[in-house]
Amino acid sequence: MPAQAELAGALLAADRPAPAGLLPAGRFAVHRNNVVAGLVEALGAAYPAVRSLVGERFFRAAATDFVRREPPRSPVLIDYGGGFAGFLGSFRPAAGLPYLAPVARLERAWLLAYHAAEAAPLPIAALAQMPEAVLGRCRLVPHPSLRLVVSSFPVVALWAANTGRGPHEAVDLDRAETALVVRPEELVVVESLTPGMAAFVATLADDQPLGAAAEAAMRADSGFELGPALGRLFALGAVVGLRQSSFEGDSR
Amino acid sequence: MIAATIPRASGLGLKSRHCAEILASRPRVGWFEVHPENYMGAGGPPHRRLAAIRRDYPLSLHGVGLSIGGEGPLDAAHLARLRTLVERYEPGLVSEHLAWSSHEGVYFNDLLPLPYTDGTLARVVEHVDRLQEGLGRPILLENPSSYLTFEESTLAEPAFLGEIARRSGCGLLLDLNNVFVSSQNLGFTPESYIDSFPLDEVGEIHLGGHATEPDGLLVDAHDRAVADPVWALLALVLQRTGVLPVLVEWDNDVPAWPVLHREAVLAQRLLDNCRHARAG
């Protein structure tokens, strides 16, 4: 009389025998295979660039290991695999591929952006309506789908080359890239940011005012220009609101 | 949004890759069905597509994640998510499976089998009650495809399902591909299963394709066209039940839209034959 605890335990442990009381006992393997194969496939769908980078056999081995360690904690499978990048970062057989975890982080950001809440992007004209005196203290409300992925590897180039979006050619690994991911409408947009723009968006996304973000950008890149940066950000649909700082906010 | 009621006509499992074509050509399909779990994100293209489809077609929500046969209590957070979708999309039918898929918070992403005993019967009825209370509407419960049985089972599956329906007031979803797969794997005739099935409780029929493993085991793979013996079972059941909503599921190796649409046309032909035979 196997209780579900016993069945559940045996589903994810390849070396555990099938629980007693099942007829025919050997058929338990069907469910064991379904569970692991289904979850590996779910990871493969969420991480196509990682899969392409390491090849099918390596991916299956890594994903199977991950599935057994971190099975889903929710029936909402579209949210499964948040820990995969972290897992890959410490997965010994992938030690020679240090760019794998950053690419996985980008794919996770892509998926979260894909399923993120909707919000209407703000036109840049909204900025012009703000009194100039308060503009520097103004905060930009990012689109709910906005994510930044900071990496010391060319994460956007690697991702694009391995998802059929960019040229599949040798990628120079000695190049850091920060990816901006946003989905203002139907399509998820992934852009490589300059160091100044990366610092600018990171500071804004951290709920800092526009003035502070511009200063951070200038520190990262002395050639940073605020006007074009704002133009780009609004054109991407990455801003959905403006907040004038409250006194409370300023006093922090 | 057009009326919610699912017609006694053929419908199809909705696949995202077909949505653009469906929205552009508005093909004659009675209704569509989706797994609600695929629409439990906050927003994004899945919701945009489903909202557009729902404007023109009745919709059925066919859950795979509630673990109705689970030993633990029903997942309240998942029930709340399902309720949100029901309120948003106003489905004509809501269904789930006679199976368990979660244990102590771990989700296995498989429809796992249950022993059919008085104990599991009481538990399933309690969970169906809670689900129906939570949604404020009756559901349909689907018969599983089986690869094994439990020594401890004391009830036959059709009787077990009939008793769940009687006690909880839920309806049943009769998956004829599952009946065929189970019958071949466990060694009974699908006709005998249907003979003992409480057909009066059936509110929807499922069809789908199955795969055959090298050792002869049939697997409910939903990766191909409906097999001939399963079409024959549909004709047999419709003779007894009259016309019902009939859905074709094709979830893996999903074909081009015309190939899938043809399955709905075939199912509709059997429904039309049934209607004429009864009228004649």
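**View 1. Helices H2(A) and H4(A) are roughly perpendicular to each other, a term that covers angles of 65 to 115 degrees.** In this predicted model, helix H2 (residues 28-46) of chain A packs against helix H4 (residues 56-69) of chain A at an angle of about 115°, with the axes 9 Å apart; axes are lines fitted to C-alpha atoms over the stretch in contact, and angles run from 0 to 180 degrees between N-to-C directions. Helices (H or I, at least four residues) and strands (E, at least two) are DSSP runs, numbered from the N terminus.

**View 2. Residues where H2(A) meets H4(A).** From H2(A), A:Val36, A:Leu39, A:Val40, A:Leu43 and A:Gly44 meet A:Phe59, A:Arg60, A:Ala63, A:Thr64, A:Phe66 and A:Val67 of H4(A), contact being counted if C-beta atoms, placed from the backbone, lie within 7 Å. By class, this contact has eight nonpolar, two polar and one charged residues, with Gly counted as polar.

**View 3. The side of chain A that touches chain B.** Here 34 residues of chain A are in contact with 30 residues of chain B, and H2(A) gives the most to the chain A side, with eight residues. By class, that side has 22 nonpolar, seven polar and five charged residues.

**View 4. Strand E1(A) joined to strand E8(B).** Two bridges join E1(A) to strand E8 (residues 149-150) of chain B, and the strands run antiparallel; pairing requires that DSSP finds at least two bridges. A:Leu22 stands opposite B:Phe150 in E8(B).

Residues are numbered from 1 along each chain as its sequence is written, and chains are lettered from A in the order in which they are written. Local features need pLDDT of at least 70 and side-chain atom pairs count only at pLDDT 80 or more, whereas totals for chains, interfaces and linings use all residues.

Note on methods
Angles under 35 degrees count as roughly parallel, over 145 as roughly antiparallel, 65 to 115 as roughly perpendicular and the rest as oblique. Two residues are in contact if their C-beta atoms, placed from the backbone, lie within 7 Å.
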